[in-house]
Amino acid sequence: MSPIGSGLWRHFRTYQVFGANTDAGKTIFSTIITRAVRSVSPTEKLWYLKPVSTGAADDADVLHLNRHARGITTQNLYQFDDPVSPHLAAQSLKRSVPDKTLLQGVSSQIQENARHGSGFMLVETAGGPNSPGPSGTLQAELYRSLRLPIVFVADWHLGGISTSISAYESLKMRGYDIEGVTVLRDSYYKNFEYFQQYFGDRNIPLLTAPHPPERGNDDVQNMQQYYDDIEQETPQSSFSTRGFAQNLLHTHQGRIDSLDSMAERAMDCIWWPFTQHQHLKAQTITPIDSAYGDYFQTYRAPVEPAVVTKSDTQPTPTESNMLIPTLDGSASWWTQGLGHGNPDLTLAAAYAAGRYGHVMFAEAVNEPALSLAQRMLSVLDNPRLDKVFYSDNGSTAMEVAVKMALKAACVRYGWDTPGQNIEVLGLMGSYHGDTMGAMDLSEPSVYNEKIPWYKGRGYWFECPSVKLREGKWVIDLPETIATAGEQESAASFESLQDVFAKGRDDGELAKIYELHVRGTIERLVQQHGRRFGALVMEPVVLGAGGMLLVDPLFQRVLTNVVRDSAAVFSGIAETETSSNTTSTSNNVSWTGLPIVADEVFTGLYRLGHHSSCSLLHIDPDISAHAKLLTGGLLPLSVTLASRSIFDAFLADNKADALLHGHSYTAHAIGCQVADTSIKTLVGLDKGGAWSTFKKDWTGLAGGGSSISKIKNVFGTTLTTPETASSNSTADTPQIWSVWSKDFVYALSHASERVDSVWALGSVLAISLKDPEGAGYTSNVARGLQQKLLNGGMREWNIHSRVLGNVLYLMAGQMSEVEDVREWEKLVREGLDL
């Protein structure tokens, strides 16, 4: 099923009618408004849709509109005779109406009506915003993907002020635009007087109307007279019915004008990140009207209208929907996981904003910050981690992490820091952020080499990468590890599960890695006199460096060698190390150098597990997290550290403390949202939400845990059937992806265009062949990116980002199987598969 998005046409105006409660007068005002539109625009076609109706069919709302709104076309999708809430009516008939089915019906009806040209349409809900639909989903949530502008019918009853404001806030919190409010005038309760002030302060027009006559024998005639009188009435509000209708038409045009000019206006004042503006044009900017679930609702520039011809009518011009569902294929720079507009995260933010706003954190604490800290320590389940430090984004989280690590190394080894160049060990192709300190953690690259203050402070290992080529998982060894002849085919594996098997630790390649790492460290320290204070790395995947899937064995060996090299780093003989440095007898204290894991991108289930380090069988001493931390709602980051790191800052002098922080440290809103996000992610994991995806990657050929004979060019068997049961995958977390095994393997065989591919968790990375050379400056992936944005013949498309010759896509942690499979089809088409 295609994604269901918002509807916006230049000359077809659609509004949704929400009431504060049942019996507020929704159908009365639907009739009043459609008659008023007819009055101000006599040629306008009028439409009324009641998606779900309960109660006797001969008393249905569509009949009321047919009787009293001249020339209107009424439609009803689901009629239940039982006059109860739709979810109870559906239950009693054992009739299932899935949300997607209902939404598709509404969306299709709107689109069909819009094909008739200029018109005005009302879509009236049942009950209030927080009344359940047939499936039990609250209506405010049920219809959110449509995000139609709202005419809100307030409640005139006793208690109606509270009910109305609560309903109004529910709609606002979900991102609806309330374009007008209506209410029946009651001389006793006088709710309308309060609403005039309340909604007037919010610049929302209010239309009031007298109560309709009591029902009787002449009900039809009485109601007709009631509506005729209203059209002649001098209102007690600032709007006549005609004025209210004209305002709705005006706000619709205002929205159109804003979207039409948004890109041009942005070009005048916005400096975009990671963008070369020299040749940037307004036509290449993507205006985003809203977002929900996995999709943006993006603006589509006007095109010449098509012509629809029907056998019984003259040709009629029609126009395209101005908004198109666009898959957020980069997860909004890797932050999204729980869906745009997630109501649980929105409510969490509103709760914390109402309870705290922002409060001081230095030597203070708030409940959301405490709860999140405790939850992170529990979820990561790393026995080394004890303390949580808050900052505002991934880059600053890494700034904090390296401050922690370098200070701990200096304290333990007695280094006098002023004037000394303490460096880090890392991986070539890493990226740890844009702030000055974080940039220095990476080797010179396109991201930093033109920054005047940049001074890369480290040594970066070229690392072996894992790629799927023509159905085989291969390890590409850099020349620094293997000779050119050996480099072509170091090892091949039947499944990615085998690549992550801890049993590889006993293979020949592990020994080669160890010799290389140990020899390099000893040469750098003992021969060149360089001093290192930390090992800093992105576990499993180097993100901005080109979506490189690193051989997990290499990262594990690198970590183990660093931890085993205290004597080398300290410059003290091994027999003296224990007496001249802080005791490291505790197996959770850091040894050698502090291991810093930058899990900003790869952590918190992005790769299918709570921690990417768990895939490496590594427990870092310091771990940085952001992005998915808050489910994609707002910025926040945490840096977790071990007790032995924390203790390095304990002293009588405040100058020895970790003097780092920012004004919004541990802001309660972010912490509350993050705590909710982590609870949700853990619930998805433990509740089996990803079981279908996982099942797809189990089995033998092409994705299971089969261990076959794997030989490398050194002539050594890395893993054999005889040793597989004891050392290979039994203790390895399941490796899986939301991207289907068949799809990923099919891409790997598209050798004319695709160099390699990999998929893990929610991430898919496609490396395309470029005769002029791969890398960040390559433009070869732009063609595929444009094809995905064009969408083929679909009424949806994919927005993606590229890293040179690599196009990557990310699903959300709540993406559904059938949706991902549809995205795969478009990618196949883009590659002509």
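## Helices α17 and α18

In this predicted model, helix α17, which spans residues 508-527, packs against helix α18, spanning residues 552-563, at an angle of about 45° and with the two axes 9 Å apart. That angle makes α17 oblique to α18, and the crossing of the two helices is right-handed.

On the α17 side, the contact is made by L509, A510, Y513, E514, H516, V517, R518 and I521, while α18 contributes L553, F554, V557, L558, V561 and V562. Sorted by class, the residues of this contact comprise 11 nonpolar, 1 polar and 2 charged.

## Helices α6 and α7

Helix α6 (residues 160-173) packs with helix α7 (residues 191-200) at an angle of about 35°, their axes lying 10 Å apart, and α6 passes α7 in a right-handed crossing.

The residues that make this contact are G160, I161, S164, I165, Y168 and E169 from α6, together with N191, Y194, F195, Y198 and F199 from α7. By class they divide into 7 nonpolar, 3 polar and 1 charged.

Q813 lies in the loop between strand β31 (806-810) and helix α28 (817-830). Its relative accessible area is 5%, and because buried means under 20%, Q813 is classed as buried.

Leaving aside residues up to four places away in sequence, Q813 touches Q336, G337, Y605, R606, L628, L681, L684, W690 and S762. With S762, the side chain of Q813 makes a polar contact, side chain to side chain, at 3.1 Å.

Terms used: Residues are numbered from 1 along each chain as its sequence is written. This is a predicted model: local features need pLDDT of at least 70, side-chain atom pairs count only at pLDDT 80 or more; totals for chains, interfaces and linings use all residues. Side-chain values use heavy atoms; hydrogens and water are left out. Helices (H or I, at least four residues) and strands (E, at least two) are DSSP runs, numbered from the N terminus. Buried means under 20% relative accessible area, exposed over 50%, partly exposed in between (1.4 Å probe, protein chains only). A polar contact is a pair of N or O atoms within 3.5 Å; within protein, one must be able to donate a hydrogen and the other to accept it, and residues adjacent in sequence count only if both atoms are side-chain atoms. Contact means heavy atoms within 4.5 Å. Axes are lines fitted to C-alpha atoms, for helices over the stretch in contact, and angles run from 0 to 180 degrees between N-to-C directions. Angles under 35 degrees count as roughly parallel, over 145 as roughly antiparallel, 65 to 115 as roughly perpendicular and the rest as oblique. A crossing is left-handed if the near helix is turned anticlockwise from the far one by less than a right angle, and right-handed if clockwise. Ala, Val, Leu, Ile, Met, Phe, Trp, Tyr, Cys and Pro count as nonpolar, Asp, Glu, Lys and Arg as charged, and the others, Gly among them, as polar.
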